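Good morning, colleagues. Please have the sequence and the model open while I speak.

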Amino acid sequence: MTVLVLIGPPATEPVELGRRVASGREFTAFVDVAGLVRSLAGVRGIDAESRHFLGVDMATGIADRLAADGVDVVIAEAGSYRRAPAYREGLVLLDKVTLMALTADSGRLALRDFSRGPEMFSNLSAWRQWRADLAEMVRSKPTFTDFDVILDCADRSRADLVRLISAAL
């Protein structure tokens with residue numbers, strides 16, 4: 001069975017797109033890595049970066065098991081491109097895995113978060129974290145070394161993106 005991993009900044013909406021792709025197909029499961037990472041929030045002694053990599057481990061483990069049972073899987077993470085090798089490593093035993101990077105221009109990345117309202121910037125630490133995350137997204141560019149497909153989401157409708165992403169399954 002096929003496992004499709006979508007990774008991109010929040011402005012590219014990898015979770016929403018992944019959910020739509022999976023819901024439009026029979027025998028296809030959707031795994032949101034953020035939910036798995038949040039489930040680890042109460043574990044003491046684990047920093048945020050380690051929680052993210054544990055979330056990746058859990059997502060790839062779920063995908064591995066579902067694929068063995070004949071189910072296609074879409075994994076989505078609104079986050080850093082630098083975690084792509086961890087997905088590749090976690091899914092190494094599967095025959096058909098596609099890692100897809102979703103990209104957007106930096107203006108779209110910034111505008112998307114500003115539209116979320118004042119709660120996004122409720123304190124100085126949230127503001128600093130947002131700026132650091134934005135800077136990383138602008139700095140880091142996906143490469144074909146880590147990804148099989150790089151899809152530019154700029155100026156494309158959701159329906160068009162869902163159609164293009166579905167073609168990878």
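This is a predicted model: local features need pLDDT of at least 70, side-chain atom pairs count only at pLDDT 80 or more; totals for chains, interfaces and linings use all residues.

Residues are numbered from 1 along each chain as its sequence is written, and side-chain values use heavy atoms, with hydrogens and water left out.

The protein chain has 7 helices and 5 strands; these are DSSP runs, numbered from the N terminus, with H or I over at least four residues for helices and E over at least two for strands. From the N terminus on, the order is β-α-β-α-α-β-α-β-α-α-β-α. Of the 169 residues, 44% count as buried, meaning under 20% relative accessible area with a 1.4 Å probe, protein chains only.

Let us turn to β1. In β1, 7 of 7 residues are buried. One side carries T2, L4, L6 and G8, the other V3, V5 and I7, and both faces are covered. Strand β1 pairs in the parallel sense with β4 over 6 bridges, and with β3, also in the parallel sense, over 6 bridges; pairing requires that DSSP find at least two bridges between two strands. V5 stands opposite L99 in β4, whereas G8 has A78 of β3 as its bridge partner.

Which residues touch the most other members of the largest nonpolar core? They are V3, V5, I75 and Y87, in a core of 23 residues. Such a core is a set of buried Ala, Val, Leu, Ile, Met, Phe, Trp, Tyr and Cys residues joined through side-chain atoms within 4.5 Å. Elements supplying at least two residues each include β1, β3 and β4, and α3 gives the most, with 4 residues. I75 touches, among others, V3, V5, A59 and Y87, not counting residues up to four places away in sequence; contact here means heavy atoms within 4.5 Å. A second, separate core of 17 residues includes L6, L17, V74 and A76.

Finally, the helix contact. Helix α1 (residues 14-23) and helix α7 (residues 158-166) pack at an angle of about 65 degrees, with axes 9 Å apart; axes are lines fitted to C-alpha atoms over the stretch in contact, and angles run from 0 to 180 degrees between N-to-C directions. E16, L17, R20 and V21 of α1 meet R158, L161, V162, I165 and S166 of α7.

Note on methods:
Buried means under 20% relative accessible area, exposed over 50%, partly exposed in between (1.4 Å probe, protein chains only).
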